[in-house]
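Hello,

Here is the structure I promised to pass on. My notes on its helices and a few loop residues follow below.

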Amino acid sequence: MLDLEKVKRTKVVNQSTWSRDFLIRSEIVSAELENLRQRQFCYSSISHSINKRLKEIITFARINVPYYRNLKLIENNDPDSALGILSKFPFLTKDMVRSKLVDLCSDNITHIQLFKRSTSGTTGIPLTVVFDTHSINMHYAIFGRHLEQLGLNFTPLNKGRSFVIVGDSGLTRQSRLPLPGNPKQTRIVFHTKQPPEKKKTQLIKLIKLNPEILNGKPTVLLYLGKFLNKSNMECFSKLKFVITGGEILRPETRHHLEDLFDVHVYDTYGMRETGTIACECLKQDGLHFCPDYMYIEILNSHNSNKKLGEIVLTDLVNHAMPLIRYRTGDLSKINSKKCSCGVEYPRLSPLLGRIIYYFEKNDGSLYNPFPMSKTLDKLGFAQYQVIQMNANYIEFRYVIDQIKPDLNRAIRAIRRLCGNVKVECIEMDHIKEQLKYSNFISHAPNPFRN
Ligand SMILES: [Zn+2]
């Protein structure tokens, strides 16, 4: 049985030390990649496989995982309907994953097969998820397949590939991905607070790597692109496209990035708890996900998957720590219509924000504050934050650089969306960046925030 000490000693995913079974994984990833290539154009095979995998993971979890075993779910569910059984499971929150880490790990898995990833968490409290080797292989196969849909082909002959992730914190590191041809992936750190000399060194490093793909948060890539533009250094001759993730990709940011890097930008959705889940295709009209790898429900008051709501995940692959009905806090809706690219996997609509940032009305319903950024972004504040203290009272915190923005226009933009509420404007020297910076914060009670 796994205990906390063993979890602590478990290998961490994504280190350069791919260990002795590197090649085995690379072979498995190739086989899974081939599977994904064939299945994505045939909906009947996908739906059959969803049902089979859902049943399998649910049965496994109820027998082998203490948390699910102790739920003592009623047995007399329709054995043919995996979805019926799934609907009986309670939702799993991030706090529960934090506090029940060992209880959520399977008894029936050996320590040697395990890897882990930890997130710092939006709240700053770490969250750890343990994976088995097979699920890690699947993460890479799915990531590889998404890239193939965007025009890269993975064969063992494609040697010498270079991908770069641009991060805004942490360490620079390099690894070989267990995809055919073993592309080199380098993580480079680039952020606003680095001294100019350091930024220049990082940029030179990046240009030397001459990546085929640049990957990062939209705001980090935008900053990098602008810096690159000013520096007049030569650009990347091999760059095929840019992929973004980790934050909302706004349409204007996409246009900016496409201008700066002179390639298309595609958005992805994923998290450290699961790996990449969904990615845009060449049509840039929603993010395809593999539903027999990650089953997605949309949680909303209408109980309908077609409406906007919170993304709830069931990981159908990871047996080391099965996440069943895991609440992500991210907002989207599912589009099951066939995409014009030909792929039959369903799509998530572009992400609309995180539920924790939603504002609340007097009647308790929630609304998205992000549309007011259209006006506020244009007014010239160096920084701003709209904080809902309660349904009737908003604090507008702002930092002025050189120009003096029109505060009355800002207040009008806030009231257009929030109604005739009290708006207090507070000038500040600096707004402290949180782990995930947001222009909108609500302190009003929100049932989804926990
Ligand atoms: Zn498509």
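Which residues in α12 are buried? They are A410, A413, I414 and C418, where buried means that 20 or more other C-beta atoms lie within 10 Å of a residue's own, exposed means 12 or fewer, partly exposed covers what falls in between, and C-beta atoms are placed from the backbone.

Before going on, please keep in mind that this is a predicted model, in which local features need pLDDT of at least 70 and side-chain atom pairs count only at pLDDT 80 or more, while totals for chains, interfaces and linings use all residues. Residues are numbered from 1 along each chain as its sequence is written. Helices (H or I, at least four residues) and strands (E, at least two) are DSSP runs, numbered from the N terminus.

Back to α12

This helix covers residues 407-418. Its 12 residues reach 16 Å from the first C-alpha to the last, close to the 16 Å expected at 1.5 Å a residue; the expected span of a helix is 1.5 Å times one less than its number of residues. In α12, the buried residues A410, A413, I414 and C418 fall within an arc of 115 degrees when seen down the axis, so they line one face of the helix. The arc is that of the directions from the helix axis to the C-beta atoms. N408 and R416, on the other side of α12, are exposed. The buried residues of α12 pack against β17 (359-360), α11 (373-376), β19 (383-390), β20 (393-399) and β21 (422-427), with two residues in contact if their C-beta atoms, placed from the backbone, lie within 7 Å. Just after α12 comes G419, with a positive phi of about 85 degrees.

L54, I57, I58 and A61 are buried in α3. Looking down the α3 axis, the buried residues fall within an arc of 100 degrees, so they line one face of the helix. Their cover includes α4 (66-71), α5 (82-86) and β12 (294-299). S44, H48 and I63 are exposed on the other side of α3.

Helix α8 (residues 196-209) has 14 residues, should span 20 Å, and has its end C-alpha atoms 20 Å apart, which agrees.

The α9 and α10 pair

The axes of α9 (residues 218-231) and α10 (residues 251-261) come within 10 Å and cross at roughly 35 degrees. Axes are lines fitted to C-alpha atoms, for helices over the stretch in contact, and angles run from 0 to 180 degrees between N-to-C directions. The crossing is left-handed, meaning that the near helix is turned anticlockwise from the far one by less than a right angle. P218, L221, L222, G225, K226 and N229 in α9 meet T253, H256, L257, L260 and F261 in α10. N229 counts as partly exposed, with 13 C-beta neighbours inside 10 Å.

Two loop residues

N182 lies in the loop between β5 (173-176) and β6 (184-189) and has a positive phi near 45 degrees. N182 is buried, with 20 other C-beta atoms within 10 Å. Q284, in the loop between β10 (275-280) and β11 (287-289), has a positive phi near 50 degrees. Q284 is partly exposed, with 14 other C-beta atoms within 10 Å.

Best wishes
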